[in-house]
Amino acid sequence: MQTEPYVAYCGPAPVPENLWLTWNFDPFLLGAMAAGLATWWAYGRKDRAGRNCLGSGYGLIFVAFISPLCALSVALFSARVAHHVILIAAIAPLLAIAFPWRKGSSLPLSALVILHAAVVWIWHAPDPYAFALSSHAAYWLMQATLFGSAWLLWREVFSPKKPIGTVVMALLATIMQMGFLGALLVFAPNPLFAPHYFTTEAFGLNPLEDQQLAGLLMWVPAFVPYAGVALYKFAMLMSPERPWAERR
């Protein structure tokens, strides 16, 4: 029997039989989404790309926070990591395009790489992770810092004023640190995350297998968005139509 006082935001850990009944229509979440739409209407990018990225980002917010994936992340650490990958590697870049870089607001890219890496590593360490599930406030602190640091990083990645070579190196550094964290989770000899010690068996996994799957998700699928943008930027850097002086 579970003895730790975990307070799951998305409700109790589901079992496969009731998973598709576990939708989350939290008024706080819906209000925050409405406030985001109002902010975009006032300050966001209104062209086709901006509208499409906003719609796609909100669709993924629905998947991450409203669909049964939210409840599944209470049962499985691998689902929690999938949730975080969607948040930082898909929702954050889409909303960074929908809410673009504005004149005078540029930040040092190297500092943002370090900040985002620190946030990711802290929340995927056992004790901070358990703390994040100890109350709803702690849960939203985890989500806000993961998304906020990722959004700031992606905003600068897409900034037209950032040298392309610097952007490519920042993306590669992010890929490396997330891959290293994923590898540590895959090869750890014991399960590390107490909130999931007693919640995985209904889904046919023991806690260590669940943790290894989480590591693979962080190691491989999370690689794709960063690598895709890095390759696109590198192709721009090497374009013969681009003056040599601009290949920075």
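What follows is a chat about a predicted model of a protein.

Student: What does the secondary structure of the protein come to?

Tutor: The model is predicted, and in it the protein has 10 helices and zero strands. Read along the sequence, the pattern is α-α-α-α-α-α-α-α-α-α.

Student: What radius of gyration does the protein have, and what would a compact globule have?

Tutor: The protein has 19 Å. A compact globule with 248 residues would have a radius of gyration near 18 Å, so the value agrees.

Student: And what box do the C-alpha atoms fill?

Tutor: Taken along the principal axes, the box is roughly 65 × 40 × 25 Å.

Student: What share of the residues count as buried?

Tutor: Of the 248 residues, 46% do.

Student: Of the contacts between residues at least 6 apart in sequence, what share join residues at least 24 apart?

Tutor: That share is 79%.

Student: Let's do helix packing. At what angle do α5 and α8 pack?

Tutor: Helix α5, residues 109-123, and helix α8, residues 164-187, pack at about 15°, and their axes are 10 Å apart. Angles under 35 degrees count as roughly parallel, so α5 is roughly parallel to α8.

Student: Is the crossing of α5 and α8 right-handed or left-handed?

Tutor: It is a right-handed crossing.

Student: Which residues meet there, α5 against α8?

Tutor: From α5 there are Leu109, Val113, His116, Ala117, Val120 and Trp121. On the α8 side they meet Thr166, Val167, Ala170, Ala173, Thr174, Gln177, Phe180, Leu181 and Leu184.

Student: How do the residues of that contact divide into nonpolar, polar and charged?

Tutor: The contact of α5 with α8 has 11 nonpolar residues, four polar and no charged.

Student: Now α7 and α8. What angle, and how far apart are the axes?

Tutor: Helix α7, residues 136-157, packs with α8 at an angle of about 150°. The axes are 10 Å apart.

Student: Are α7 and α8 roughly parallel or roughly antiparallel?

Tutor: Roughly antiparallel, because the angle is about 150° and angles over 145 degrees count that way. The crossing of α7 and α8 is left-handed.

Student: Which residues make the contact?

Tutor: Leu153, Trp154, Glu156 and Val157 of α7 make it with Val167, Leu171 and Thr174 of α8. By class, the contact of α7 with α8 has five nonpolar residues, one polar and one charged.

Student: How far is Trp140 from Gly215?

Tutor: Their C-alpha atoms are separated by 23 Å, and the two residues are 75 residues apart along the chain.

Student: Change of topic: Ser73. Where is the place of that residue?

Tutor: Ser73 is in helix α3, which covers residues 69-75.

Student: Is Ser73 buried or exposed?

Tutor: Ser73 counts as buried, because its relative accessibility is 0% and buried means under 20%.

Student: What does Ser73 touch?

Tutor: Not counting residues up to four places away in sequence, Ser73 touches Ala79, Arg80, Tyr129 and His196.

Student: What about Leu72, buried or exposed?

Tutor: Leu72 has its place in helix α3. At 17% relative accessibility, Leu72 counts as buried, because the cut-off is under 20%.

Student: Which residues is Leu72 in contact with?

Tutor: Pro14, Leu19, Ala79 and Phe203, leaving aside neighbours of Leu72 within four places in sequence. Ala79 is also touched by Ser73.

Student: And how far is Leu72 from Gly59?

Tutor: Leu72 and Gly59 are 18 Å apart in space, C-alpha to C-alpha, and 13 residues apart in sequence.

Student: How far is Asp127 from Ala227?

Tutor: Asp127 and Ala227 are 30 Å apart in space, C-alpha to C-alpha. In sequence Asp127 and Ala227 are 100 residues apart.

Conventions
Residues numbered from 1 in each chain as written. Predicted model: local features only at pLDDT ≥ 70, side-chain atom pairs only at ≥ 80, totals over all residues. Heavy atoms only, no water. Helix = DSSP H or I, 4+ residues; strand = E, 2+ residues; numbered from the N terminus. Buried < 20%, exposed > 50% of the residue type's maximum accessible area, 1.4 Å probe, protein only. Contact = heavy atoms within 4.5 Å. Axes fitted to C-alpha atoms, helices over the stretch in contact; angles between N-to-C directions. Parallel < 35°, antiparallel > 145°, perpendicular 65-115°, else oblique. Left-handed = near helix turned anticlockwise from the far one by under 90°. Nonpolar A, V, L, I, M, F, W, Y, C, P; charged D, E, K, R; others polar. Rg over C-alpha atoms; globule rule 2.2 N^0.38 Å.
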